[in-house]
Amino acid sequence: MRIRAAKRDELPLLCELERAAGAPFAAIGMPEIAEDEPPAPEELVHYLDGGVALVALEEDGGAPVGYLLAEPVDGALHIEQVSVHPGHARQGIGRALIEHLAATTDAPALTLTTFADVPWNAPYYARCGFRPLADAEVTPGLREIRRKEAEHGLDRWPRLCMRREPPRG
């Protein structure tokens, strides 16, 4: 697997990958998440221009099998999305994308918002070194992200904000 910056012409592929990555949510009683349309390629350009858009490629250098989107929020680098095609799940691709981001940023921390009870969400991110934030630790930018998520209907299931600081020493 190789990780690199996404290219503009790959954005439609990322939308298709996101549709596939959402499908497993239907099996755990979250069909609305599985059926939710991914952002259009034009919306993803924002991450190419002002944030981070990484892709994980198949061994042969083929199509993306996973991707990560991030942008600065309140001094940290906020991971907006990590998606891996279900056919490539449980191979360390999501973790590799997160570790690549952590190794290549000078931000003091990584943050994200996620479903608290979905096994491949909060419990997975905890294994990747993220910790849930107490309410008093949630920054204004994260509060705004959570507000938009609630407007989108994501609060139907428990959600939380998480943060990962770099290793000490």
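This is a predicted model: local features need pLDDT of at least 70, side-chain atom pairs count only at pLDDT 80 or more; totals for chains, interfaces and linings use all residues.

Q: How far does helix 1 reach from its first C-alpha to its last, and how many residues has it?

A: Helix 1 is made of 12 residues, and the distance from its first C-alpha to its last is 17 Å, which is close to the 16 Å expected at 1.5 Å a residue.

Q: Which residues of helix 1 are buried, and where do they fall when seen down the axis?

A: The general idea is that an α-helix has 3.6 residues a turn, so residues three or four places apart point the same way. In this model the buried residues of helix 1 are L11, L14, C15, L17, E18, A21 and G22. Seen down the helix axis, these buried residues fall within an arc of 165 degrees, so they line one face of helix 1. What covers them includes helix 2, helix 3 and helix 4, together with strand 2, strand 3 and strand 4.

Q: At what angle do the axes of helix 1 and helix 4 cross?

A: In general, two packed helices are described by the angle between their axes and the distance between the axes. Here the axes of helix 1 (residues 11-22) and helix 4 (residues 41-50) come within 9 Å, and they cross at roughly 110 degrees. Because angles of 65 to 115 degrees count as roughly perpendicular, helix 1 is roughly perpendicular to helix 4.

Q: Which residues meet where helix 1 and helix 4 are in contact, and of what class are they?

A: From helix 1 come L11, P12, L14 and C15, and these meet P41, L44, V45 and L48 of helix 4. By class, this contact has eight nonpolar residues, with no polar and no charged ones.

Q: Where is G51, and what is it in contact with beyond its neighbours in sequence?

A: G51 sits in the loop between helix 4 and strand 2, and it is partly exposed, with a relative accessible area of 30%. Leaving aside neighbours within four places in sequence, G51 is in contact with H46, A70 and E71. The C-alpha atoms of G51 and E71 are separated by 4.3 Å, although the two residues are 20 apart along the chain.

Q: What is the phi of D74, and what is that of R90?

A: D74, which is not a glycine, has a positive phi of about 55 degrees, and R90, also a residue other than glycine, has a positive phi near 60 degrees. D74 lies in the loop between strand 3 and strand 4, while R90 is found in the loop between strand 4 and helix 5. D74 is partly exposed, at a relative accessible area of 45%, whereas R90 counts as exposed at 84% relative accessibility.

Key:
Residues are numbered from 1 along each chain as its sequence is written. Side-chain values use heavy atoms; hydrogens and water are left out. Axes are lines fitted to C-alpha atoms, for helices over the stretch in contact, and angles run from 0 to 180 degrees between N-to-C directions. Helices (H or I, at least four residues) and strands (E, at least two) are DSSP runs, numbered from the N terminus. Angles under 35 degrees count as roughly parallel, over 145 as roughly antiparallel, 65 to 115 as roughly perpendicular and the rest as oblique. Contact means heavy atoms within 4.5 Å. Ala, Val, Leu, Ile, Met, Phe, Trp, Tyr, Cys and Pro count as nonpolar, Asp, Glu, Lys and Arg as charged, and the others, Gly among them, as polar. The expected span of a helix is 1.5 Å times one less than its number of residues. Buried means under 20% relative accessible area, exposed over 50%, partly exposed in between (1.4 Å probe, protein chains only). The arc is that of the directions from the helix axis to the C-beta atoms.
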